[in-house]
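Please examine the sequence and the three-dimensional structure shown below.

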Amino acid sequence: MDLSGGPDDAQAELDSVEAELELVELQITELMDKQAELTSRRNALLQQLEEACDAAQSSSSSSLKPSKADHVMNKQEMQRYDRRDFPWSEKVEQQLKDSFNLSKFRPLQLRAINLTLLGKDLFLVMPTGRGKSLCYQLPAVCSTGFTLVVTPLVSLMEDQIMYLKSIDVSAAMLNASINKESVKTVMAGMTDVKSPFKLLYVTPEKIAKSKLFMSRLEKAYNANLLSRIAVDEVHCCSQWGHDFRPDYKLLGILKRQFPKVPLLGITATATSSVLKDCEKILCVSQPITLTSSFNRTNLYYEVRKKNSDNEASISDIASLINSKYKDQSGIVYVFSQKDAESVSTELQKRDILAYPYHANMDPQDKSRVHHKWTSNKIRVVVATVAFGMGIDKPDVRFVIHHTISKSIENYYQESGRAGRDDHPADCIVYFGFSDIFRISTMVVMENTGQQKLLQMVDYCQNFDRCRRSLMAVHFDEMWNEEGCNQMCDTCRHAQDCITVDITQHARQVVQILELAASNNEKMTPLKLTDAWMGKGPAKHRKMIQTTTLSRLKAEAVIVQLLLRGYLREDFSFTPYTTYIYIKLGRKAPLLKSQAHSLTMKMRTTESEPAEVKAVSRKAKAKEGKRSVESARDGPPDNKKTKRDLP
Ligand SMILES: Nc1ncnc2c1ncn2[C@H]1C[C@H](O)[C@@H](COP(=O)(O)OP(=O)(O)OP(=O)(O)O)O1
Ligand SMILES: [Mg+2]
Ligand SMILES: [Zn+2]
């Protein structure tokens, strides 16, 4: 080894080699991520092709195929459970009309009902508002004994019991608000061969904590009176589901103690990995999973930029409600209880009959608001997520998010309150930069909280892909772009979007953060944007290149850099609050390479500052070969600023 230049030179070269190695490793990681993404896409397509071939073969050949296990049946094999010649079919049809006053089944309902009546364990994944409850209510009415229904919320139970009473189906519930006398009556009814109720609703806590209840269940089981177990909102079993509830974890006892009773797990929002987890927790082996498309075809999805001025943002919402949705019923979702109070007051000031709803209100006040809204005495409920599962008003014409949801699953559930009568309805999110960080501090403790929030941000920041296609990813669904039918803003306004080169912008942001780090200064998202826009302290302005992008665009670039890993959030906890700072992400060093370039999609509807240039096809083709010259393509030197970075 030649150390003739002395140890200092060697050290300097070693540093530079190490820096370069780090860069190469990053590039390899990026390529490997891309490879994983493409491989998974290829596998999904191969599976789709295989299924299509299977289907073609089975319809063209009359010979019997070797029968597969039920839980891996393909679509054609599943169709035999849509028949109407089972021993119970006549009764099922009759009850559908006579008790439930419905004329026909919606997709998958009959299949689910036949499968559970055949005694199969079943997971049913169906979009919000599509009628999952019927899949256990109707079998309950057609079976001897009673169906045990596990439900996460007392309010859900009460709603269902109220509804069942109204159609003369006998149902009972056990929860903390039931008096001792009624508990006794219900417990006695569980083993009464005359079955005074067809459905018994309980919370998971009841099963986990009441030995008396478990012993009654056992008696009912031995007397063949426990006909079925339905676990509603089954995703609550899994830590990976968005509404995890610890007591759901103990429900495995049901299948272990009562193995002969068919179990029906129901949800609108479980991914396949969540379902696998639920399967383990509930101790069901290889249940049949019925999944209907998550797609609610009558819902129009749209994202709007939220005005950073609070008053103005509420005025935007109010004028929308007062014009497009005049006299119609809707929900405005907000971030906090405080927001629920203040936004509803502001909407009232603007002539909208709006009331707040949140977890901290008296139960009577909550049910009063719910009731008045259901009976159209008030038009708008301004609610936190407490107003969600089980809200079943058919004619909700709009669900507006004043603040983004904390995950796509949550958004799907919340927006799913709209249009349950199958008539068109709108789901609109107001997407604001500072809201991202408000929610971030709330979800920081959750294992996958940050990741899920960023997926929601990605949904909002996206301008070119169909909003439904982004949701499909979360429900493991293969998405065919035609399925949207122009029912989202990106499909409807696809032409309003261009690709812009943001490499130079990204470098400027990175430089600001490097400078801040060298001064031991922490940058909040607001401070970073201000500094970049030349609104920071004068001493900084001399040292950094400020941007001529509009604030909205500058924020969009920062969000994009966060989403792509060039920036990251960093949290600092005090006993009173959590602070959020922006730091360099793991991909930031890639920007050191002149060949590296970054693009993003932007809306053209807002006027474009000169330096954000659309990337032409030609330029894109050259992207791989970008060099020092293209780095000079950046913004013209801003007169106010001087480049003086270390
Ligand atoms: N076959 C049908 N025909 C017409 N309406 C139906 C049918 N089945 C159910 N419904 C109605 C009844 C309810 O008002 C509405 C929603 O049903 P429900 O069972 O509460 O939805 P869900 O449980 O799938 O939604 P969520 O996920 O929000 O709980 O649909
Ligand atoms: Mg339901
Ligand atoms: Zn679309």
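Glu514 is found in helix 20, which covers residues 503-518; helices (H or I, at least four residues) and strands (E, at least two) are DSSP runs, numbered from the N terminus. The model is a predicted one, in which local features need pLDDT of at least 70 and side-chain atom pairs count only at pLDDT 80 or more, whereas totals for chains, interfaces and linings use all residues. Residues are numbered from 1 along each chain as its sequence is written, chains are lettered from A and ligands numbered from 1 in the order in which they are written, and side-chain values use heavy atoms, with hydrogens and water left out.

- Glu514 counts as partly exposed because its relative accessibility is 31%; buried means under 20% relative accessible area, exposed over 50%, and partly exposed in between (1.4 Å probe, protein chains only).
- Leaving aside residues up to four places away in sequence, Glu514 touches Leu584 and Lys592, where contact means heavy atoms within 4.5 Å.
- Along the chain, Glu514 and Ser273 are 241 residues apart, and their C-alpha atoms are separated by 40 Å.

**The protein chain as a whole**

- The protein chain contains 25 helices and 17 strands.
- The chain has 646 residues, of which 52% count as buried.
- Among the contacts in the protein chain with a separation of 6 or more, 75% are accounted for by residues 24 or more positions apart.

**The zinc site**

- Which residues coordinate the zinc ion (ligand 3)? The zinc ion (ligand 3) is coordinated by the SG atoms of Cys466, Cys484, Cys488 and Cys491, at 2.3 to 2.4 Å.
- Donors are N, O and S atoms within 2.8 Å of the metal (3.2 Å for Na, K and Ca); water is not among the atoms, so sites may look incomplete.
- The site of the zinc ion (ligand 3) is tetrahedral, with angles of 103 to 116° among its 4 donor atoms.
- Four donors count as tetrahedral if all angles lie between 85 and 135 degrees.
- Along the chain, the donors of the zinc ion (ligand 3) follow the spacing C-x17-C-x3-C-x2-C.
- Cys484 counts as buried because its relative accessibility is 1%, and Cys488 counts as buried at 0%.

**Helix 15 and helix 17**

- Two packed helices are described by the angle between their axes and the distance between the axes.
- The axes of helix 15 (residues 408-415) and helix 17 (residues 449-461) come within 8 Å and cross at roughly 60°. Helix 15 is therefore oblique to helix 17.
- Axes are lines fitted to C-alpha atoms, for helices over the stretch in contact, and angles run from 0 to 180 degrees between N-to-C directions.
- Angles under 35 degrees count as roughly parallel, over 145 as roughly antiparallel, 65 to 115 as roughly perpendicular and the rest as oblique.
- From helix 15, Ile408, Glu409 and Tyr411 meet Lys452, Gln455, Met456 and Tyr459 of helix 17.
- By class, this contact of helix 15 with helix 17 has 4 nonpolar, 1 polar and 2 charged residues. Ala, Val, Leu, Ile, Met, Phe, Trp, Tyr, Cys and Pro count as nonpolar, Asp, Glu, Lys and Arg as charged, and the others, Gly among them, as polar.

- Is His401, with 1% relative accessibility, buried or exposed? His401 counts as buried at that value.
- His401 lies in strand 12 (residues 396-401), and its contacts beyond four places in sequence include Tyr411, Glu414 and Ser415.
- Met442 lies in helix 16 (residues 433-443) and counts as partly exposed at 41% relative accessibility.
- Not counting residues up to four places away in sequence, Met442 touches Phe335 and Lys406.
- Met442 and Thr578 are 136 residues apart in sequence, but 8.7 Å apart in space, C-alpha to C-alpha.

**Residues with a positive phi**

- Most residues other than glycine have a negative phi.
- Asp351 is not a glycine, yet it has a positive phi of about 65°.
- Asp351 lies in the loop between helix 13 (337-349) and strand 10 (354-357), and it counts as exposed at 68% relative accessibility.
- Gln486, also not a glycine, has a positive phi of about 60°.
- Gln486 lies in the loop between helix 18 (467-474) and helix 19 (489-492), and it counts as partly exposed at 43% relative accessibility.

Definitions and conventions: Tetrahedral: all angles 85-135°; square planar, octahedral: opposite > 155°, others 65-115°.
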